[in-house]
Amino acid sequence: MLLLRNKIILGFVVFLALLQLIPVEKTNPPIDEQKTLVTDEPVMSILKKSCYDCHSNETLWPSYASVAPISFFVASHVKDARKALNFSEYNIIEPSIKEARLKRAIITVKNEYMALPSYRYAHEGANLTKEEKEILMTWFEEELKTLKKNSLKPETAIK
């Protein structure tokens, strides 16, 4: 029985060691200032401390993001988060898509879906205070109003 248990433990250790050989894409695409969100300091400060590691091309990859199987989860989450809403490409998001993403952002902040609990656990500073949630939700709502106002503007005549 002891021999079987030792073989299982050894097999598991070998399996974990082999997992380290699987490459994980941890990238930060170049930042184009023309595409990147620029807004007032309170909002940027909150976004940078609680959102940018996943929702931008400015990810600060922690050391544990290099250890499988955690690396698979982290890289996958960053990839999905950038796809959902990437503040490094905010200015080029098509208006109807941006509108849907802003509405979703309001819901996720309001219901504390973001930042993910696993991220908040590892990054204590990512927890949003009630005041920070209000600031973000107000900003998201103002962005929605701006989008709607811009969509009501008459199209420029083609000559």
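Leu10, Val14, Leu18 and Leu21 come together in a nonpolar surface patch of about 410 Å². Such patches take in residues with over 30% relative accessible area and no salt bridge, with nonpolar side chains (Val, Leu, Ile, Met, Phe, Trp, Tyr) joined within 5 Å and like charges within 9 Å; a salt bridge is a side-chain nitrogen of Lys or Arg within 4 Å of a carboxyl oxygen of Asp or Glu. Areas come from the Shrake-Rupley method with a 1.4 Å probe, and for residues only the protein chains shown count as cover. This is a predicted model, with local features needing pLDDT of at least 70 and side-chain atom pairs pLDDT 80 or more, while totals for chains, interfaces and linings use all residues. Residues are numbered from 1 along each chain as its sequence is written, and side-chain values use heavy atoms, leaving out hydrogens and water.

Val14 sits in helix H1 (residues 2-19); helices are DSSP runs of H or I with at least four residues, numbered from the N terminus. Val14 counts as partly exposed because its relative accessibility is 40%, buried being under 20% and exposed over 50%.

Over in H3 (residues 70-84), the buried residues are Ser71, Val74, Ala75, His77, Val78, Ala81 and Arg82. They cover an arc of only 160° around the axis, so they lie on the same side of H3; the arc is taken from the directions from the helix axis to the C-beta atoms. Lys79 and Lys83, both exposed, are on the face turned away from that buried side.

Thr108, in helix H4 (residues 95-110), is buried, at 15% relative accessible area. Leaving aside residues up to four places away in sequence, Thr108 touches Tyr113 and Met114 (contact: heavy atoms within 4.5 Å).

Terms used: Helix = DSSP H or I, 4+ residues; strand = E, 2+ residues; numbered from the N terminus. Buried < 20%, exposed > 50% of the residue type's maximum accessible area, 1.4 Å probe, protein only.
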